[in-house]
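Colleague: I should like to learn how to read a structural model, one feature at a time. May we begin with the structure itself?

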Amino acid sequence: MTPLLETRDLSRHFKVGGKLFSHQMLHAVDDVNLTINEREIVALVGESGSGKSTMARLLAQVYKPTTGQITFQGKDLAQLRGRKAQLKYRSDVPMVFQDPFASLNPVYKVSHGIKRGLKLHRPELSASERHEELLRVVSAVGLNPPEEIIERYPYELSGGQRQRIGFAQALAYRPKLILADEPVSMLDVSIRIGLLNVMAKMRDEEGVSILYITHDIASARYVSDRVMVMYGGHVVEAGPTESVLADPQHPYTQLLLSAVPDPRAPLEITTEAAKAEPPAVIDPQPGCRFRARCPIAIDRCAHVTPLLQIVEPEHTAACHVAAPAPVAV
Amino acid sequence: MKFASLVQNRKALIGLSLFGFICLLAAFPGLFASQADADTIGAFSPNLGVSTAHLLGTTSYGQDIFSQLVFGARQVLVIALVAGAFATVLSVLIGITAAYMGGIVDEILSLFTNVVLILPTFPLMIILARYAGTSNWVMIIVLVVTGWSYGANQMRAQALSLRNRDFLEAARVRGERRSYIILFEMMPTMTSLIVANFLGSALYSVLAASGLQFIGLGDKTSDSWGTMLYWADSQEALQAGNALWIIAPGLAIAVLSAAFALMNYAFDEIGNPALRPVRRKDLRKAREADADVAVRGVEHVHADAR
Amino acid sequence: MSTPTPGDVFREESSMSTSTLPESLPESSEPRSSEPLLDVRDLRIVYDSPRGPVEACSGVNLTVRPGEFVGIVGESGCGKSTLLFGIAQLHSAPARIAGGEVLFRGKDLVSLPIKELNDLRWRNLAVVMQSAMNALNPVRTIGDQFKDAILAHEKWSQERIRERSAEVLRLVSIDPVHLDSYPHQLSGGMRQRAMIAMALLFTPDLIVMDEPTSALDVVAQRSLMVQIKELQQELGFAVVFVTHDMSLVSHFSDRLLVMYAGQVVEFGPTREVFDTPSHPYSKSLLDAFPSIRGPKVPLLGIPGDPPNLANPPEGCRFNPRCPVVKERCRSEAPELYTLAASPDVESRCLAHHPTNALDVELVSEVQSS
């Protein structure tokens, strides 16, 4: 089965530094190989600074890759020429944003974005068909009655409702893949489940794939089929969700899991690793980027960048200790 | 911005009333005075004092000051509103485009804006007026050319702060054209700033136009208030004992300017509830309602951070 | 099973850890006195909106003993932040206290003269706000801001100020060299800890916190919570901690107060509230958390939205969204009843009415792993 979207050695660097001719580069994303198939939800998990938001913007074509390739439905994105092809990609791969209070234009009714999207991306529809679609997608994300909701302004809806409108906007394009950049992080915990259920429903009923970007590994577990853990711009572990969570190999994945507040489990002790902060990766040397916080780092970690190795079927981890590269005989 | 909130705000009410009254004078001057009385030299005896026939007396040319004031209103208002509007349009277009396009476009437009901004306006106005003549249209062009740059910087700053708001990024990701985003997504959220800008430009135009007219660079045959001041000064009205000839137009200019300023403050407050003052009578009501709880405290004007 | 896996390192007490906490944190030891440090009685806070008064807090009762950690949990708009502002007397027009008392060490803060209130502030009662990291002045160093806070209440010498500032920074594991740093030079987590350090300057009796971890990542969040708890046990101050994330306080609070639509719906020892929630809302909240352990179950969350406080529902305010609602709930507004089975717990549900209890099942599905 050909994957829906694939990236190969994708990297994105930003110039930083205050000096006029500084050539310091921030490596937001480095050598990421990501695969998303049809009808699946892939979670991209990491803290701030891990590169996950940059990944979303690379796939949304807000940024161009510094190096590497993004292939969608077999075609290289760099080959997309002309407004028509660009628009087609945007309708196949829309994005949902994090902040429900900033993602809708406050001067227009909430239906504005959906209507514009329908006009731009589905020109074959007539005006009445567009209206039908509008009602259909608003209802599909659980906002009822749709005729009443579409007449409201953003300030009249709650945060959870606004996020649902964000998903409705994406759904209106009949997309193949939705890029959801931390869609529930700014919502109350009790509201999040509703949104996550909407996402699962979209995968099951509409056949849409979703790239779910989050720092909350518990919600990633709840909704995703596969998970990828990022740290410092690198993917450190990837695989089927249950497999990765049941048997995490990379020390960072284990740290994330131990930090999740779970009232049903006994408290796990914080160590020095938890007190440290994720790094801003500027002009990095080869070596594992987690080594400064890693309790099991060995000498090799400081010199050689670990690559993803297979630890179980479909489950890979990039760690010299947990998943050492096979030694040539 | 609802009309109701506009009317409730005290500053808006006063400003609007004053402005409305002056508009009335400008629209129907014939109802209040006669053009002939204002223009004809020698229509009446010169330098007459206040009387029922001449509410503000006469000029030293024998013209009725009150009539001149009434007919002058139209001139001043037209200049203010037209110059204000054009200047605002320019500041909005240049400021927002610079902010949104960024990069080299921003650099060029900002440089241009800043250069115009630091040019000494009054000398520039004088030179332009000197060479271009004294008609009202020239006056308007001069005012627009010298008055747009301040607003452009404001617009740019506001647009920059909005630029990375998610709803704009959502529009980009939706595939909208840049021109659409600037005109239909960004600008509508800046309406209160644009209106405030317009009012500020109008205010500036009133004062600058009157100033230019006073030093003789305006249309000397017009009834405009600045021109009245010019003639009053050239005829040494104060020495002649005709103080009203100077006070009347001066006061009129001040009143119109105040009207614009008050409306400006009011728009600010309506747009940003944090600036609204907590009225004394509301506080008193609150205190009376909780008779059993002593609510002591200083009356603050606090921003509601929530 | 002989070689420890890498994962074990995070689960055991590592030699690098400076933590002195045992495996599970015990509840605070017996309070030093039975006199509550903070006693909020029937507090009512009203917002005067153009459309009429809106009651954000309706008769809230809350007690905090010295050294106790009380968590206040609820969704957005339930009034928990308003309650906090009211307790700290930081509310401003159009909010006003419409009734009740806030007794802090016996004195009613609501009617206290400004001068006495300011004496209490920071010395005995300190506040850490939501996104406190953004409350730092970007153009002044951390040390300068600490100095401002100190000088507002005491006239200490420069040396003593510097010493105390360094001391509190060390308490929150920040190198005192950062006294000369500007806020933008510190990370988000560090800035938040700096704000907590500022609250500790005079070692207050009570620190009131409004979602101090909401802007942090999950690892930094856990680290901060543990830090707060350690400091609390070391210095003995009480904490009132407001959050929308129930599981966050589950390991750290002694007692938990659940708020809904401006009212307290459950208040009791944390463990009891978690193991056997006595109000359908508390139970629904607990069930709204996806777990990373145990079997994957589909969750419902809490359907619907919190009510508009300008016009709350008749009867029990939770009735439109309650999974076990009965007809009586729509007309009869329950009071806060003390549970017969556990007198430490109070619940605002007709199921616990002392004489006329409603027949509902509130069996908890919360399982321990």
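Colleague: How many residues of domain 1 of chain C are in contact with domain 2 of chain C?

Modeller: First, a note on the model. It is predicted, so local features need pLDDT of at least 70 and side-chain atom pairs count only at pLDDT 80 or more, while totals for chains, interfaces and linings use all residues. Residues are numbered from 1 along each chain as its sequence is written, and chains are lettered from A and ligands numbered from 1 in the order in which they are written. Two residues are in contact if their C-beta atoms, placed from the backbone, lie within 7 Å. By that rule, 12 residues of domain 1 of chain C touch eight residues of domain 2 of chain C.

Colleague: Which elements supply the side of domain 1 of chain C that touches domain 2 of chain C?

Modeller: Helices (H or I, at least four residues) and strands (E, at least two) are DSSP runs, numbered from the N terminus. In chain C, β2 (52-64) and α8 (246-249) each supply at least two residues of that side of domain 1. β2(C) gives the most, with four residues.

Colleague: How does one check the length of a helix, and what is the result for α6 (residues 188-199) of chain C?

Modeller: The expected span of a helix is 1.5 Å times one less than its number of residues. The 12 residues of α6(C) should therefore span 16 Å, and the end C-alpha atoms are 17 Å apart, which agrees.

Colleague: How many residues of α6(C) are buried?

Modeller: A residue is buried if 20 or more other C-beta atoms lie within 10 Å of its own, exposed if 12 or fewer, and partly exposed in between, with C-beta atoms placed from the backbone. In α6(C), 11 of the 12 residues are buried, so the helix is largely enclosed by the rest of the structure. Among them are M190(C), R191(C) and I196(C). Their cover includes β6 (125-128), α4 (142-151), α5 (158-171), β7 (206-210) and α7 (218-235) of chain C.

Colleague: Which residues of α4(C) are buried?

Modeller: An α-helix has 3.6 residues a turn, so residues three or four places apart point the same way. In α4(C), the buried residues are I142(C), F146(C) and I150(C). Seen down the helix axis, they fall within an arc of 75 degrees, so they line one face of α4(C); the arc is that of the directions from the helix axis to the C-beta atoms. What covers them includes α5 and α6 of chain C.

Colleague: In which sense do β10 (residues 226-231) and β11 (residues 234-240) of chain A pair?

Modeller: Strands of a sheet pair through backbone hydrogen bonds, either parallel or antiparallel. Two strands count as paired if DSSP finds at least two bridges between them. In chain A, β10 and β11 pair in the antiparallel sense over six bridges.

Colleague: Is T203(C) buried or partly exposed?

Modeller: T203(C) counts as partly exposed because 16 C-beta neighbours lie inside 10 Å. This residue sits in the loop between α6 and β7 of chain C. Although T203(C) is not a glycine, its phi is positive, about 45 degrees.
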